[in-house]
Amino acid sequence: MSSETLSNLSHEDRRFPPPADLAASANVKADAYDAAANDFEGFWAAQAERLDWGQKWERVLNWDNPPFAKWFEGATINASVNCVDRHVAAGKGDKVAIHWVGEPEDDTRDITYAQLQDEVNKATNALISLGVEKGDRVAIYLPMIPECVFTMLACARLGAPHTVVFGGFSADALASRVEDCGAKVVVTSDGGYRRGAPSALKPAVDDAVAKLAGGEHAVEHVLVVRRTGQDLGENGWNDDVDKWWHDVVDGQSSEHEAEMHDSEHPLYVMYTSGTTGKPKGILHTTGGYLVGTSYTHWAVFDLKPDTDVYWCTADVGWVTGHSYLVYGPLANGATQVMYEGVPDSPHKGRWWEIVEKYGVTIFYTAPTAIRTFMKWGREIPDKFDLSSVRVLGSVGEPINPEAYVWYRDTIGAGKAPVVDTWWQTETGQILISPLPGVTEAKPGSAMTPLPGIDADVVNDEGESVPDGSGGYLILRKPWPAMLRTIWGDDERYKDTYWSRWPDVYFAGDGAKKDEDGDVWVLGRVDDVMNVSGHRLSTTEIESALVSHPKVAEAAVVGATDEMTGQAPCAFVILRESAIAEADEPGEGGDLVQELRNHVAKEIGAIAKPRQILVVPELPKTRSGKIMRRLLRDVAENREIGDVTTLADSSVMNLIQSGMSGSSDE
Ligand code: WT7
């Protein structure tokens, strides 16, 4: 498969230069790229100076034994001290660290840095009282409540690596993660609020604990926050292991003297899915991770800690919540919003109401959310005063240009720069992104590797492709927040990421460099299809479909095709205004033809979907990623595969029942 054949067919001429005032006062200016290129280690050493260290490092980077990196070797540091204590010591104890917003209306809590320090110290002392020592693992299975942050920082303080498991995961998923990392304590709550109703968490922990009981990785203690007060059920409390948070934590001392840990001491394990069924425990360590996340949070969002109000909507159960809700922003002494619930409870304007109330200036979310808001219509955000917003961020998947421009216009008043940030659970920090005060951004492009990052697009032989061509996205040099290994599986770490080309990290994504050398991430390489010898990205076709006024969301897969090798098959959700029209007899078929022609017009006849199915929902994981694998099963008339990671498993029934009315031609 030659990368030369990657079709570079979509055209995008819109350009958005930085606003002049933002450019003039930007934290990072254009000179940073050269500075980093001229002195790689010196650049990262300078960034490390933003943190408080115990011992300073002997070496910035030890890459003697690739792919096992050591950053800031010989140094000691405590992540919790950097995120909390040092801000209090600097006189910022009264500054709000977290404006916490519960899902029930008027359930809010403003937590200052001084209060955060007390809470983290009490939680640390509580963990010690439960027998947690440096090096022990602690699992966290909590909703988006402040105790989640307190516990993470308490673990970091002790040097007990945490593994946060997203609250939407099942008991089995929780058990396999607890077992894999050997966590001896699980911190959870009775439940959390979702769409106005309490939603239980504790029963899943009970099941996981029961599953592991008597084995090598039996859980010793479960610490339970009372959040909803809901009934725990008949067998919902086991005095041998279960302890209420308020009983164990509230009475603890708010003093705790933190130890400095080695820079390479494990900070946390975050599980992510790979190509096999067994999730990978991505290991992040302390010093480099904090340098990478705090630098990029400050640079990419142009954070001004004294005036900005930052909001990242990601759940703490994902890496975005770790890097850009907990460690990056708190290390930088930011004031931020943390919201427990969903965007449409109790009404579809909830997020914008929060932005207005707290005067959010920097807002970071995912394309899937942006497309949802597009579908609901701009009348909803238009009802709120969003004039405080000055920088917008996007993460998680390629953002299609239509969604990008809508985001910029509707949420950013047509002037806030959008930073399309490319990174992964494995990379720990943003690696490719515009800089809001420097880059003339193109909608749909993550643009350029950040200062100090050596990313490229290569062909099958690992050679850099020329501008205008596509290939595989790789990293040539280590970066501070990179994963160090897969927990307990160094071989899998080497095989998965470093084996395709010597000493090169392969991200698993396809990308193209446009005529200016700017990077367009095309999605996972398995989302790139080959149609009659032309490689097409599902993302490009999806963007074309979503640019049609009647389409709200689209997913495209490459289905096996006798004639062309693979053929694009599309699943689309219509905008509310178009649904009524499509219900008219006969309209459905015409609409499908209209959409096929639209794709042909936007990209070329080769990209015309063979099949377009209008569906009410798309199958998504709980993190919002479309499960194209399942759609491929539908498109190829196969039995639907494993649906256990779907957020809503009934979606596939809806899609399949729609197949009978499909427009297969
Ligand atoms: C994969 C990583 C990064 C935290 C959330 C997801 C895709 C991520 C972008 C972007 C295009 C993106 C890639 C990547 N991705 N950001 N800005 N443009 N694609 O973390 O679950 O580890 O997923 O998400 O395919 O490899 P993750």
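How many cavities of 30 Å³ or more does a search of the whole structure find? The search finds 4. A cavity here is a set of points, on a 1 Å grid over the protein atoms alone, where a 1.4 Å probe fits but cannot get out. Its volume is the space filled by probe spheres set on the points, which are joined across faces, edges and corners. The model is a predicted one, in which local features need pLDDT of at least 70 and side-chain atom pairs count only at pLDDT 80 or more, while totals for chains, interfaces and linings use all residues. Residues are numbered from 1 along each chain as its sequence is written, and side-chain values use heavy atoms, with hydrogens and water left out.

The largest cavity has a volume of about 70 Å³. It is lined by 13 residues, and those closest to its centre are Phe-16, Pro-417, Val-418, Thr-439 and Ala-441; a lining residue has an atom within 4 Å of a point. Helices (H or I, at least four residues) and strands (E, at least two) are DSSP runs numbered from the N terminus. By class, the lining has 11 nonpolar residues, 1 polar and 1 charged. Ala, Val, Leu, Ile, Met, Phe, Trp, Tyr, Cys and Pro count as nonpolar, Asp, Glu, Lys and Arg as charged, and the others, Gly among them, as polar.

Confidence comes next. The protein chain averages a pLDDT of 91, and 94% of the residues score at least 70; pLDDT is the predictor's confidence in each residue, from 0 to 100. Over residues 1–9 the pLDDT is below 50, and this stretch has 31 contacts in the model beyond near neighbours in sequence. A contact means heavy atoms within 4.5 Å. Residues 660–665 also stay under 50, with 8 contacts beyond four places in sequence.

The model has 36 salt bridges, each a side-chain nitrogen of Lys or Arg within 4 Å of a carboxyl oxygen of Asp or Glu. In one of them, the closest N and O atoms of Glu-259 and Lys-134 are 2.9 Å apart. Glu-259 lies in the loop between helix 9 (245–248) and strand 13 (261–262), and Lys-134 in the loop between helix 5 (113–129) and strand 6 (137–141), so the pair ties together parts that are 125 residues apart in sequence. Glu-259 is partly exposed at 42% relative accessible area, as is Lys-134 at 38%; buried means under 20%, exposed over 50% and partly exposed in between (1.4 Å probe, protein chains only).

Lys-550 forms a salt bridge with Glu-594, with the closest N and O atoms 3.5 Å apart. This pair links distant parts of the chain, 44 residues apart: Lys-550 is in the loop between helix 17 (538–546) and strand 28 (551–561), and Glu-594 is in helix 19 (residues 587–602). Lys-550 is buried at 17% relative accessibility, whereas Glu-594 is partly exposed at 33%. A network of salt bridges links Asp-302, Lys-304, Asp-308 and Arg-390.

Ser-345 counts as buried because its relative accessibility is 8%. Not counting residues up to four places away in sequence, Ser-345 touches Glu-103, Arg-195, Gly-196, Tyr-339 and Arg-350.

Methods. On a 1 Å grid over the protein atoms alone, a cavity is a set of points where a 1.4 Å probe fits but cannot get out, and a pocket is an open set with protein on both sides within 12 Å along at least five of seven lines; lining residues have an atom within 4 Å of a point.
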